[in-house]
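Below are the things I looked up, in the order I got to them.

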Amino acid sequence: MTQLPAQTERKLGLVIDLDTCVGCHACVISCKGWNTENYGEPLSDKDAYGANPSGTFLNRVHAFEVKPDTGPAQTIHFPKSCLHCEDAPCVTVCPTGASYKRTEDGIVLVNEKDCIGCGLCAWSCPYGARELDQVAGVMKKCTLCVDRIYNENLPEEDREPTCVRTCPANARHFGDFADPDSNVSKLTRERGGMDLMPEQGTKPVNKYLPPRPKDTMEEIDILAPLLAPVASEPKGFLGWLDKALEKL
Amino acid sequence: MTFQQPHVDTQPKVSDEIRKTTCYMCACRCGINVHMKKDDEGEMRVAYIEGNRDHPVNKGVLCAKGSAGIMQVNAPSRLKAPLKRVGPRGSGEFEEISWDEALEIATGHLGRIRETNPEKLAFFTGRDQSQSFTGFWAQAYGTPNFAAHGGFCSVNMAAAGIYTMGGAFWEFGQPDWDRSKLFMLFGVAEDHDSNPIKTGLAKLKERGAKIIGVNPIRSGYNAIADEWVGITPGTDGLFILSLAHELLKAGKIDLEYLTRFTNAPVLVNGDETSDEFGLLLRDKDNKFMVIDRPTGKPAAFDKKGVKPDLAATHTVKGITHRPVFQHLAERYMSDEYAPENVAERCGISAGRIRAIAAELARVAFDEAFEIEQEWTDFRGEKHKTMTGRPVSFHSMRGISAHSNGFQTCRALHVLQILLGTVEVPGGFRFKPPYPKPAEAHPKPHCKVTPGAPLNGPHLGYVQGPEDLMLKEDGSPARIDKAYTWENPMSAHGLMHMVISNAHAGDPYKIDTLFMYMANMSWNSSMNTKGVMEMLTDKDENGDYVIPNIIYSDAYSSEMVAYADLVLPDTTYLERHDCISLLDRPICEADAAADAIRWPVIEPDRDVRGFQSVLCDLGARLHMPGFVNEDGSAKYKDYADYIVNHERKPGIGPLSGFRGEDGDQFGRGDVNPDQMDRYIENGGFAVHHIPEEAAFYKPWNKAYQDWAVEIGLYDAPQPYLFNLYVEPLRKFQLAAEGHGHRQPPEHLRERIKETLDPLPVWYAPFEDGNVDTEEFTVHALTQRPMAMYHSWGTQNAWLRQLHGRNPMYLPTKIFTEKGFEDGDWARITSAHGEITVPVAHHGGLNDNTIWTWNAIGKRKGAWALDEKAPEATKGFLLNHLIHELQPPKGDGLRWANSDPVTGQAAWFDLRVKIEKVDGPPENSQPDFDPIKSPVGQGPEDLAWKVGK
């Protein structure tokens, strides 16, 4: 069993905007690319060109269909990776201490040297955010790009998770939730950022911004002022035209 | 026990070197940083790819395809060496040969044809980004038979845009994402364009702008739209014209804009007996005539101080001429276009159509704004401000790929113009070298001379029947019948008809089919099974009906198996390219820009860049432009061409870093260091448009002068937008019996109906060809954001995102037919049937089904296991779509194409659906495996370059 820190100095995490996510998977593959080449073992792919390809991903995008009471069905694209919970059950369940939450920034990591691949942490995570790499036999999860965000080998503007840097729809934001003035704290306040499955009591750090209401345009009947006809017959239209041109 | 946090290396070395080039995982052309690391042997390898923040297209972001590029350059499907067919065509049996032998075989065929009859070569390139070069090569070779893939992609959008306003969407221009407040998106193919649309949508959302998605399918961009309009496929034109109806009736149109900048005031000949009936009145200098409102007198449209009138008429010699605008208003104000009368057909309620029209009117006029920026128009009039109308539109394949696509695209362009939102702040903005009207483009050419070049460029914009590509006997000059009465304005050719026509010998037989990067025996053809048969069909002598096929591709695609000779291309990180201002550049609305690719890695196989191979073949064939005076090869390779070729003195493929000191943009002498300068600059060059030239480009003196300065034009060429397209009227006039060049009888009525100079809506041809009571359902494909045609499947990462493509059914059909997830259905069209897995999708037009494009694969292709889901459960909709309309009993072959441009009418398709019991093991039709020339990929991947 590993202990969670009582509190962390910073609470780094992501805000994911479900209003703008178009489900393009840019974040999924950028994450795969960075984390295959960096932190720990590469993210492998079994049966890569075969009948049942199955690879390790630290971030996946799911799509859900929602049918409101009125109006047509909607599709929500839902990117999901580790939420770096304050009360992370994956940490306390780890028998070797490989799984831990960093005291300085709250990032939940797996120390691959100590990981025995038992899978308990993946079982305990209510979000299904951990994947056991089938080739390396160690548990993989989102590192919040801990090897990017402080990395002085990168230009300062690039010291953010690769999924955030690459997102074309600007649906992903990175910052410190412990700082009320940070971009992520502000976005969460202004847009009603939500916890994912708060009933699980994990206190996730990452927040989701809900989609704004859709299909709200009201139908307009013939007498709408914006579309009031300028004339009742074609000849009248020419008269209107003449007058309107005179005013130019 | 206190837990000791382990040490984490937060400062790892990211790479040994960053090489900046241009992505080619789709057509979007983003800038990428390729991070290189030394491997154990000290060799530089690709370690990681990210977007280039400085690049004008993507500004740092990158989509899934782009980030997966590393899996494309290590893909096991890469061809390894030139291949010569040793088994029957289609078997995939090849032997590897040397480049010397391959080029000797190619030169043998090409040389023989060139000396005898160059039209016997059909040279078509698929998703080619080097068309100004491949076209130059084909012109020097002398065949009339050249085009790229535009004919089966989006030529309707491009041609409608060029003829209407001198450019269309995507490569031609973009919404003013920073100022637009209402954005309407019709249909859309995801890579047209990929990242800029996503970035743009995010900007709109951030500012609280409204997004309206018009698409039978609510996925992707439409999933985040504020309003989803689930329109019936093929009715977009009717919907748009109904919006125009409401706006005209309410007077919510930009009269000032229409009078100043469009041909709305230009006078139309009203003499029904005249050869000029419906043509535009011109003065002795051939300038369009308008009525000057203050004087009431006719005047040239561009006369200094002229104030064109829309309300007047003009009578000369007893003939009444009315302005274009009066014809337009009369047509669209007719009840035919009233919301009530189109609602059912479009599947959109009348109240909703009015609501959208009202919102367009409100935002365009009530939210108009001024930018304090002086500018001078082409009439010499100075304006103190620029008026913003913050409404913009975007569309590509969704509305294009119908047999009424050209006129639908025209309707959309006309709608933007009525609102006065083109080339104004907040609206739609052109990107250099656009705006460029049809008259400023070349006309097509087809005069063949054995052993000599063609008499001019193949493709261009016709102005009337006199420009058609017909032989003296009136038969088509081109194998694809482009620029004939069947499709007079086929600006991109008809690649989808080449194999079918060559097989039928209609209009003539060919000797050699030479293709590049076009998967014609699979997802890039209609009637895929039929095409496979045409490619393998033999005549009575036992010879192939299409005698020789040469094909170039980087990967083991389905088409490779049908070639006699395969010229293996490089991957995109192993090659030179230029994304040129002569072709389809990467410009932004505020800047001209172009880009290169360069070999950030060297090929580890015996492959060569196709364009370099063309340079070599051109020299071997002694083609002008490819040899020096002494007969030696002019260009060592494509890079040599890119730097040293001049199209006109001082103008070459790349605009940046020209001249001796490399400090000139656009015009300038050849600079031998140009390629290095591009590489140093991140793979691209940008030249900004002055602020006073940023809007009103077709009419803005400052822009016109700037465009001349950098070589986009030779002289300023201001022009009017064409609400009324006179060249269309010229074809109609011919069909009405005027003029000496006459259409064949069977096409007269169709030309009269469809080549209308004002946008018109007619039902897709399929509706008239099949029993709509039996085939009640529309069937479409969409491209996933993470895949580009067939290219994604060989990519180990991307195929995990989209390895399956069920047929998605709307709730109505799904429940009525008693389907459950996991069921299979037989989908039947007038042409064929497929049996495929289905799934439910609620956000779907009630009578529309759809699937992902090009996920289905032929067994044996792309180095996949024959049991890969793409090959067992995946499928193509192509089997249901024929390249011809059903026979009409007249013995003629009627193309399943738009009658104006010849664009493939993919989305006209109608089908019926039945549930099947006892699903088959594989999707049907199921084809025998082809033998893989590259073997199969490894089982596991754990790709890490660094230690």
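**Entry 1: a parallel strand and its partners**

I began in β24(B), where I found that B:I550 is the bridge partner of B:F514. Before going on, I noted that this is a predicted model, in which local features need pLDDT of at least 70, side-chain atom pairs count only at pLDDT 80 or more, and totals for chains, interfaces and linings use all residues. I also noted that residues are numbered from 1 along each chain as its sequence is written, and that chains are lettered from A and ligands numbered from 1 in the order in which they are written.

My element names follow DSSP runs, with helices being H or I of at least four residues and strands E of at least two, numbered from the N terminus. Strands count as paired if DSSP finds at least two bridges between them.

β23(B) and strand β24 (residues 548-553) of chain B run parallel, and five bridges join them. On β23(B) I also found strand β6 (residues 121-125) of chain B, again parallel and again with five bridges. Here B:A122 has B:L513 of β23(B) as its bridge partner.

Next I checked burial, where buried means 20 or more other C-beta atoms within 10 Å of a residue's own, exposed means 12 or fewer, partly exposed lies in between, and C-beta atoms are placed from the backbone. Five of the five residues of β23(B) are buried, so the strand is largely enclosed by the rest of the structure. B:T512, B:F514 and B:Y516 point one way, while B:L513 and B:M515 point the other way. I jotted down the general rule beside this: in a regular strand the side chains alternate between the two faces of the sheet.

**Entry 2**

I then turned to an open sheet of three strands in chain B, with the order β12-β16-β15 and antiparallel pairing. Why is one side of β12 (267-269) and of β15 (314-316) of chain B left without a neighbour in the sheet? Both stand at the edges, each with a single partner strand, so one side has no neighbour there. From one strand to the next, the twist averages 35 degrees; for angles, axes are lines fitted to C-alpha atoms, for helices over the stretch in contact, and values run from 0 to 180 degrees between N-to-C directions.

Three bridges pair β15(B) with strand β16 (residues 319-323) of chain B in the antiparallel sense. I picked out B:H314, whose bridge partner in β16(B) is B:H321. Helix α10 (residues 324-332) of chain B packs on this sheet, where it touches β12 and β16 of chain B, and its direction makes about 75 degrees with that of β16(B). Contact here means C-beta atoms, placed from the backbone, within 7 Å.

Helix α12 (residues 350-366) of chain B has 17 residues and reaches 23 Å from its first C-alpha to its last, close to the 24 Å expected. That expected span is 1.5 Å times one less than the number of residues. Twelve of the 17 residues of α12(B) are buried, among them B:R352, B:R354 and B:L360. The buried residues pack against β9 (182-186), β10 (210-214), α8 (236-249), α11 (339-346) and β21 (391-395) of chain B.

I looked up the chain contacts too: 90 residues of chain B are in contact with 78 residues of chain A. Of the side of chain B that touches chain A, α12(B) gives the largest share, nine residues.

Two cis peptide bonds went into my notes. One runs from B:Y434 to B:P435, with omega near 10 degrees, and B:P435 is found in the loop between β22 (428-430) and α15 (495-504) of chain B. The other joins B:D506 and B:P507, with omega about 15 degrees; B:P507 sits in the loop between α15 and β23 (512-516) of chain B.

I also checked phi. B:E423 is not a glycine, yet its phi is positive at about 65 degrees. B:E423 lies in the loop between α14 (405-418) and β22 of chain B, and is buried, with 30 other C-beta atoms within 10 Å. B:K481, also not a glycine, has a positive phi of about 60 degrees. B:K481 counts as buried, with 26 C-beta neighbours inside 10 Å.

Definitions and conventions. Contact = placed C-beta atoms within 7 Å.
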